[in-house]
Amino acid sequence: MSFQNKIAWITGASSGIGEALAYELSNQGAKLILSSRRKEALTEVKNNCKNPSDAHIITLDLSKTDQLETKAKEAINIFGHIDYLFNNGGISQRSEAIDTKLEVIRRVMEINFFGSVALTKAVLPSMIERQSGHIVVTSSVMGKFGTRLRSSYAASKHALHGYFDSLRQEVYEDNIKISLVCPGFVKTDVTKNALEGDGSKHNKMGRGQKNGIPAEEFAEKLIPKILKEKEEIYIGGKEIWGVYLKRFFPRLLNKMLRNAEVT
Ligand SMILES: NC(=O)c1ccc[n+]([C@@H]2O[C@H](COP(=O)([O-])OP(=O)(O)OC[C@H]3O[C@@H](n4cnc5c(N)ncnc54)[C@H](OP(=O)(O)O)[C@@H]3O)[C@@H](O)[C@H]2O)c1
């Protein structure tokens with residue numbers, strides 16, 4: 001199994017994990033469709049790919065779910081089909097639940113959950129028709145447990161697990177694979193881009209992010225696991241242990257996290 005000549009559509013491709021994935025997949029011979037809101041940033045990523053002529057750009061806003069079916073048609077028309085849909089675009093949150101406006105919670109859900117679901121629903125019929133396809137969803141360790149300041153973010157990522165675990169069973173007979181990817185801390189601008197309770201940009205680099213693994217290392221580790229069709233993938237530092245503590249010693253994890261620095 002390899003990515004040679006495979007067609008991969010990546011959302012959130014303008015920075016961080018999505019950008020690193022674009023380079024890694026391009027190095028491995030994949031043909032790419034790069035998506036996010038910012039055209040100039042996507043153009044820079046395209047030009048930095050190994051084969052820029054094999055990388056196409058479709059700008060989209062994941063919160064505008066009514067536009068995503070048209071975007072999916074556009075994406076499918078570029079190469080005739082999609083082999084891999086990387087639902088990676090997303091936004092984080094840094095605010096206590098009590099201070100977080102309902103509209104901010106909805107925005108996080110809209111981008112992280114409904115955006116990925118809408119795009120998946122738009123691509124799925126063509127994958128079913130071809131009896132082939134792989135949907136990769138960037139969740140988080142926050143999709144497996146929650147911490148302070150991330151109630152909406154953790155909720156949006158937990159929701160992805162419920163949806164895509166169910167979908168995996170429904171499309172098994174159609175030969176469609178689903179991988180839920182749970183990064184720990186990866187050194188990107190995700191915390192800077194996170195929303196505060198009133199919807200403003202957090203604009204600070206979290207300590208966890210600063211000490212996180214580089215996005216390039218993350219992408220390098222992820223690709224072989226995708227090729228192995230792993231259903232759930234954890235990549236990061238010691239924070240990954242939280243997933244296992246939650247499974248086997250949930251009260252202990254809760255106690256540890258109450259006292260942990262979570263910026
Ligand atoms: N870094 C970590 O430690 C970490 C840990 C766990 C999970 N994750 C997840 O990894 C994914 C990528 O994040 P990252 O760390 O690479 O952060 P990032 O550098 O902030 O990248 C976020 C990406 O999402 C796109 N995006 C944000 N809002 C969007 C919208 N409304 N419509 C379309 N695209 C939108 C951004 O592009 P535009 O601004 O151009 O739209 C950008 O390309 C996210 O789902 C995040 O939750 C990250």
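The chat below goes through a predicted model of a protein chain with a ligand.

Biologist: What kind of model is this, and how many helices and strands does the protein chain have?

Modeller: The model is predicted. The protein chain has nine helices and nine strands. Its radius of gyration is 18 Å, close to the 18 Å from the globule rule for 263 residues, so the chain is as compact as a globular protein of that length.

Biologist: What box do the C-alpha atoms fill?

Modeller: Roughly 50 × 40 × 35 Å, taken along the principal axes.

Biologist: And how much of the protein chain counts as buried?

Modeller: Of the 263 residues, 51% count as buried. The chain exposes about 12,800 Å², and carbon and sulfur atoms supply 49% of that.

Biologist: What share of the contacts join residues at least 24 apart?

Modeller: Among contacts between residues at least 6 apart in sequence, the share is 68%.

Biologist: Now the ligand. How many residues surround it, and which are the closest?

Modeller: The ligand is surrounded by 30 residues, and the closest are Ser14, Arg37, Tyr153, Thr188 and Gln209. By type, the shell holds ten nonpolar, 15 polar and five charged residues.

Biologist: Which atom of the ligand is 2.6 Å from the side chain of tyrosine 153?

Modeller: An oxygen atom of the ligand; the distance is to an N or O atom in the tyrosine 153 side chain. For lysine 157, an N or O atom of the side chain is 3.0 Å from a ligand oxygen atom. With aspartate 61, a side-chain N or O atom lies 2.9 Å from a nitrogen atom of the ligand.

Biologist: How much of the ligand does the protein bury?

Modeller: The protein buries 97% of the 870 Å² that the ligand exposes when taken alone. Two elements give two or more residues to the shell around the ligand: helix 1 (16-27) and helix 5 (151-170).

Biologist: Different topic. Where is glycine 89, and is it buried or exposed?

Modeller: Glycine 89 sits in the loop between strand 4 (84-87) and helix 4 (102-130). It counts as buried because its relative accessibility is 10%, and the cut-off for buried is under 20%.

Biologist: What is glycine 89 in contact with, leaving aside its neighbours within four places in sequence?

Modeller: Glycine 89 is in contact with Thr11, Gly12 and Leu62 once those neighbours are left aside.

Biologist: And how are glycine 89 and valine 137 placed?

Modeller: They are 48 residues apart along the chain, and their C-alpha atoms are separated by 9.2 Å.

Note on methods: Residues are numbered from 1 along each chain as its sequence is written. This is a predicted model: local features need pLDDT of at least 70, side-chain atom pairs count only at pLDDT 80 or more; totals for chains, interfaces and linings use all residues. Side-chain values use heavy atoms; hydrogens and water are left out. Helices (H or I, at least four residues) and strands (E, at least two) are DSSP runs, numbered from the N terminus. Buried means under 20% relative accessible area, exposed over 50%, partly exposed in between (1.4 Å probe, protein chains only). Contact means heavy atoms within 4.5 Å. A residue is near a molecule or strand if one of its heavy atoms lies within 4 Å of it. A polar contact is a pair of N or O atoms within 3.5 Å; within protein, one must be able to donate a hydrogen and the other to accept it, and residues adjacent in sequence count only if both atoms are side-chain atoms. Accessible areas come from the Shrake-Rupley method with a 1.4 Å probe; for residues, only the protein chains shown count as cover. Ala, Val, Leu, Ile, Met, Phe, Trp, Tyr, Cys and Pro count as nonpolar, Asp, Glu, Lys and Arg as charged, and the others, Gly among them, as polar. The radius of gyration is taken over C-alpha atoms; the globule rule is 2.2 Å times the number of residues to the power 0.38.
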